[in-house]
Amino acid sequence: MARNVADVLWEMLVDAGVKRCYGIVGDALNPMIDALRRNGNVDFVHVRNEEYGVFAAVADAYLTRAPVAVCGTAGPGVVHLFNGLMDARKEGAPVIAIAGDVETMLMDTSSLEEMNPYLFFQAASLYTARLVNPAQAQSVIGTAIRTSIIEKGPTVLSIPGDVAAADAVGEPVDVSIPAAPVFRPSDSDLNRLTDMINDAGTVAIFGGDGCRDAREEVIELAARLKAPVGYALRGKQWLEHDNPYAVGLTGLLGYGGAYGAINHADLLLMLGTDFPFSEFLPGAQVRKVQIDRNPKHIGRRTSLDLGLVGDVKATLQALLENVREKTDDRFLRKYVAETESFAELKQHYVNKGPGIKPIRPEYLAATLCNLASDDAMFFADTGTAVIWLARHIKGGKNRRLFGSFSWASMANAAPNAFGAQLAYPGRQTIAICGDGGFTMLGMGDLLTQVERKTPVIHILLNNQSLDFVSIEQQEAGYIPYGVGFENPNFAAVAEAMGAKGIRIEDPDAVSDGLTEALAHKGGPVVVDVMVDPYALAMPSHVPFHTMKGYTLSAAKQVLSGRMDSLIKTVEHNIRLL
Ligand SMILES: Cc1ncc(C[n+]2csc(CCOP(=O)(O)OP(=O)(O)O)c2C)c(N)n1
Ligand SMILES: [Mg+2]
């Protein structure tokens with residue numbers, strides 16, 4: 001049998017490091033899947049929903065930094081890829097989508113399952129190509145691979161079945177991926193930055209995911225400048241653990257002294273962060289410098305005194321050669337002390353947890369954190385799970401914390417954890433899921449996990465509501481509406497699906513239930529935990545409009561006769577309000 005275009009595709013993807021392709025087959029993809037089978041080097045991960053496959057691929061690609069393929073067949077299969085590809089774009093994951101396309105003779109005739117991939121993928125994809133001629137293959141596949149890896153995001157190859165099955169043209173080509181280039185600002189800009197730092201009385205650092213490879217340099221700079229280090233959620237796992245300069249997170253999930261430090265320093269260094277909540281960043285009273293490898297991030301969240309383009313690691317390495325040591329550490333000590341005192345407040349429901357029913361999610365998360373292994377990988381659904389992950393799951397050198405932190409889609413945690421488990425078989429992998437998120441996407445593909453025997457531990461926050469939105473509604477001054485639903489016993493559902501199910505209703509059972517779940521081998525576990533739907537988390541800094549919203553919502557709830565739920569919220573959170 002002659003080599004066809006689909007063979008070329010898999011040869012090149014394997015050459016570039018692709019080990020898995022998540023997706024669902026279909027007419028347009030059949031020649032592609034047949035070539036994958038013949039190639040033998042790519043694990044085809046047959047999922048029940050393409051979207052689950054892409055969220056799995058995002059975590060797989062983000063954690064391993066290797067490209068991961070996903071596929072969906074023409075039309076509806078392709079459409080199911082979209083949400084996950086947006087996530088890949090925002091989280092910076094090299095995912096290559098193979099989108100089935102209608103036969104070339106049917107293009108632009110509005111035929112069955114036809115759609116225009118250029119228009120459809122425009123918002124998500126860094127590069128979209130439609131293969132209409134076998135002679136394009138090497139060049140467009142190479143471009144998709146290199147773009148995805150170097151620019152860290154999704155690309156799309158839209159391939160009609162007839163082109164995939166057509167004879168290949170030309171000889172096999174190697175896909176050579178250059179190692180990451182050294183990328184830093186010019187010497188003259190670095191000199192300006194050095195002068196600004198040397199002139200400043202107090203300096204604070206605020207870091208994001210761009211500090212992934214620069215932890216040592218950030219800590220060295222903080223030590224030199226006596227600078228408190230705050231972080232965005234995506235910076236937490238790189239900057240918080242074992243860091244005496246760490247002062248917590250800012251934003252609505254915030255804790256510790258980060259907000260104060262960032263807003264009261266003479267000079268703020270924003271490193272590798274595109275933190276979107278501008279109201280938590282200082283105004284003109286603080287001089288601001290931003291360093292990021294992506295020029296689009298520079299200056300779009302707040303005004304800057306200096307914006308530099310480069311990798312945080314390479315930039316700080318160069319900077320550290322010239323920047324002078326500061327001796328006064330009072331600013332640093334003030335915000336480290338504030339962080340320590342907020343930590344006590346944060347512990348309130350953890351300490352009281354054993355005696356409170358329904359179970360406080362703080363207690364659940366903190367217990368999970370203590371029982372999990374040092375190299376556990378944690379994933380949180382968008383929803384209240386992210387709050388508890390941010391506040392009560394401690395990172396570590398070998399721990400990983402991931403979620404849909406920048407795209408903020410629901411239902412990401414279970415597929416993220418599945419992808420991570422395939423990438424790192426046997427490593428402890430924990431998905432903290434909302435009941436809304438799990439029933440949206442996770443539950444159907446629990447069957448995939450049962451078949452694959454992936455030992456992912458799903459911790460379900462069973463609060464019978466879209467709790468995060470309920471909090472948001474109250475924050476904005478609305479009466480909670482459209483947020484409640486009824487649940488089955490998820491442990492029983494899991495057992496019926498062939499997984500292990502554990503139901504926890506009492507705080508006394510939390511520790512044993514989690515211990516049992518963490519020790520389970522040979523397949524997925526679902527821990528169905530009845531948690532307090534009225535738990536809410538206040539940030540360390542509460543913006544005025546948030547307080548105003550709560551007061552307004554409380555007033556409306558009283559007037560509309562919903563005093564009961566209001567009393568419950570207040571009763572349950574009296575220490576935090
Ligand atoms: C796909 C999608 N739909 C809707 C939203 C808006 N949203 C954000 S969090 C959330 C609630 C999540 O509920 P659940 O999974 O039960 O978690 P909880 O907050 O209750 O713990 C919703 C509806 C979203 N982010 N993504
Ligand atoms: Mg919920």
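A411 lies in the loop between β14 (400-403) and α18 (413-423), and in this predicted model its phi is near 70°, a positive value in a residue other than glycine. At 1% relative accessibility, A411 counts as buried, because the limit for that class is under 20% relative accessible area. A second residue with a positive phi that is not glycine is D242, where the angle is near 50°. D242 is found in the loop between α11 (233-239) and β9 (246-249), and at 63% relative accessibility it counts as exposed, since the exposed class begins over 50%. A further backbone feature is the peptide bond from K357 to P358, which is cis, with omega near 0°; P358 belongs to the loop between α15 (348-352) and α16 (361-371). These features deserve mention because most residues other than glycine have a negative phi, and most peptide bonds are trans.

**The surroundings of ligand 1**

There are 17 residues around ligand 1, and those that come nearest are T384, D435, G436, S465 and D467. By class, this shell is made up of six nonpolar, nine polar and two charged residues. Polar contacts to the ligand are made by backbone as well as side-chain atoms: a polar backbone atom of A408 is 2.9 Å from a nitrogen atom of ligand 1, a polar side-chain atom of N463 lies 3.1 Å from an oxygen atom of the ligand, and a backbone N or O atom of S465 lies 2.7 Å from an oxygen atom of the ligand. On its own, ligand 1 has 590 Å² of accessible area, of which the protein covers 79%. Two elements give two or more residues to the shell, namely α19 (435-442) and α21 (467-475), and the largest share, four residues, comes from α19.

**The magnesium site**

Which residues coordinate the magnesium ion (ligand 2)? The donors are D435 (OD), N463 (OD1) and S465 (O), at 2.0 to 2.1 Å, and along the chain they follow the spacing D-x27-N-x1-S. D435 lies in helix α19, whereas S465 lies in the loop between β16 (456-462) and α21, so the pair ties together parts that are 30 residues apart in sequence. D435 counts as buried, at 1% relative accessibility, and S465 also counts as buried, at 12% relative accessibility. The two sites share residues, for N463 and S465 are donors to the magnesium ion while a side-chain atom of N463 and a backbone atom of S465 also make polar contacts with ligand 1.

**Buried positions elsewhere in the chain**

| Residue | Element | Relative accessible area |
|---|---|---|
| V336 | α14 (330-346) | 18% |
| Q138 | α7 (137-151) | 14% |
| Q290 | β11 (287-292) | 1% |

Both glutamines have a side chain that meets a backbone oxygen: a polar side-chain atom of Q138 lies 3.0 Å from the backbone oxygen of E171, and a polar side-chain atom of Q290 lies 3.2 Å from the backbone oxygen of T273. Leaving aside neighbours within four places in sequence, Q138 is in contact with V8, M12, V169, G170, E171 and V173. With residues up to four places away in sequence again left out, Q290 touches M270, T273, H297, I298, G299, L304, L306, G307 and L308. For V336, the contacts beyond four places in sequence are P244 and V247. The C-alpha atoms of V336 and L63, which are 273 residues apart along the chain, are separated by 30 Å.

**Helix α1**

Is helix α1 (residues 5-15) mostly covered or mostly exposed? It is mostly covered, with eight of its 11 residues buried, and these are V5, A6, D7, V8, L9, W10, M12 and L13. Two of these residues, V8 and M12, are among the contacts of Q138. The N-terminal end of α1 is capped by N4, a side-chain oxygen of which lies 3.1 Å from the backbone nitrogen of A6. After the helix comes G17, whose phi is positive, near 110°.

Notes. Residues are numbered from 1 along each chain as its sequence is written. Chains are lettered from A and ligands numbered from 1 in the order in which they are written. This is a predicted model: local features need pLDDT of at least 70, side-chain atom pairs count only at pLDDT 80 or more; totals for chains, interfaces and linings use all residues. Side-chain values use heavy atoms; hydrogens and water are left out. A residue is near a molecule or strand if one of its heavy atoms lies within 4 Å of it. A polar contact is a pair of N or O atoms within 3.5 Å; within protein, one must be able to donate a hydrogen and the other to accept it, and residues adjacent in sequence count only if both atoms are side-chain atoms. Accessible areas come from the Shrake-Rupley method with a 1.4 Å probe; for residues, only the protein chains shown count as cover. Ala, Val, Leu, Ile, Met, Phe, Trp, Tyr, Cys and Pro count as nonpolar, Asp, Glu, Lys and Arg as charged, and the others, Gly among them, as polar. Donors are N, O and S atoms within 2.8 Å of the metal (3.2 Å for Na, K and Ca); water is not among the atoms, so sites may look incomplete. Buried means under 20% relative accessible area, exposed over 50%, partly exposed in between (1.4 Å probe, protein chains only). Contact means heavy atoms within 4.5 Å.
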